Amino acid sequence: MEGDFSVCRNCKRHVVSANFTLHEAYCLRFLVLCPECEEPVPKETTEEHCKVEHQQGKEFQLLKGKSTVIIATK
Ligand SMILES: [Zn+2]
Ligand SMILES: [Zn+2]
């Protein structure tokens with residue numbers, strides 16, 4: 001079963017056209033694309049997401065104050 005898909009401008013996901021308008025309205029309002037993993041996450045939990053998923057919240061926040069960019073290595 002192949003349906004029509006459109007790419008969401010916000011999260012860059014393929015969304016079934018039937019749901020696209022609804023999805024995009026929701027997505028633009030509530031979701032942002034995480035710069036680390038490119039997953040759509042709720043705006044309000046972006047920081048939380050970075051801490052939990054990428055475990056560099058502390059460094060990330062500290063570094064935000066200075067204009068230094070460090071790529072965390074494992
Ligand atoms: Zn979206
Ligand atoms: Zn992420």
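**Close-up views of a predicted protein model**

**Figure 1. Val 15 and its surroundings.** Val 15 counts as partly exposed because 18 C-beta neighbours lie inside 10 Å; a residue is buried with 20 or more other C-beta atoms within 10 Å of its own, exposed with 12 or fewer, and partly exposed in between, the C-beta atoms being placed from the backbone. The model is predicted, so local features need pLDDT of at least 70 and side-chain atom pairs count only at pLDDT 80 or more, while totals for chains, interfaces and linings use all residues. Residues are numbered from 1 along each chain as its sequence is written, and chains are lettered from A and ligands numbered from 1 in the order in which they are written. Val 15 belongs to strand β2, which covers residues 14-16; strands (E, at least two residues) and helices (H or I, at least four) are DSSP runs numbered from the N terminus. Beyond its neighbours within four places in sequence, Val 15 is in contact with Phe 5, Ser 6, Cys 8, Phe 20 and His 23, where contact requires C-beta atoms, placed from the backbone, to lie within 7 Å. Gly 3 is 12 residues from Val 15 in sequence, and their C-alpha atoms are 9.8 Å apart.

**Figure 2. The protein as a setting for the close-ups.** The protein contains 3 helices and 4 strands. Read from the N terminus, the order of these elements is β-β-α-β-β-α-α. Of the 74 residues in the protein, 3% are buried. Among contacts between residues at least 6 apart in sequence, 4% join residues at least 24 apart.

**Figure 3. Cys 11 in the loop between β1 and β2.** Cys 11 is placed in the loop that links β1 to β2. Is Cys 11 buried or exposed? Cys 11 is buried, because 20 other C-beta atoms lie within 10 Å. If residues up to four places away in sequence are not counted, Cys 11 touches Cys 27, Leu 31, Leu 33 and Pro 40. Leu 31 is 20 residues from Cys 11 along the sequence, with a C-alpha to C-alpha separation of 7.6 Å.

Figure 4. Helix α1 spans residues 17-30, 14 residues in total. From its first C-alpha to its last, α1 reaches 19 Å, close to the 20 Å expected at 1.5 Å a residue; the expected span is 1.5 Å times one less than the number of residues. At His 23, α1 bends by about 35 degrees, the bend being the angle between axes fitted to the seven residues ending there and the seven starting there. Cys 27 also lies in α1. With 19 other C-beta atoms within 10 Å, Cys 27 is partly exposed. Leaving out residues up to four places away in sequence, Cys 27 touches Cys 8, Asn 10, Cys 11 and Pro 40. Asn 10 is 17 residues from Cys 27 along the chain, and their C-alpha atoms are separated by 6.6 Å.

**Figure 5. Two loop residues with positive phi.** Lys 12 is found in the loop between β1 (5-7) and β2. Although Lys 12 is not a glycine, its phi is positive, at about 65 degrees. Lys 12 is exposed because 10 other C-beta atoms lie within 10 Å. Glu 38 occupies the loop between β3 (31-33) and β4 (40-42). Glu 38, a residue other than glycine, has a positive phi near 60 degrees. Glu 38 counts as exposed, with 10 C-beta neighbours inside 10 Å.

Notes. Two residues are in contact if their C-beta atoms, placed from the backbone, lie within 7 Å.
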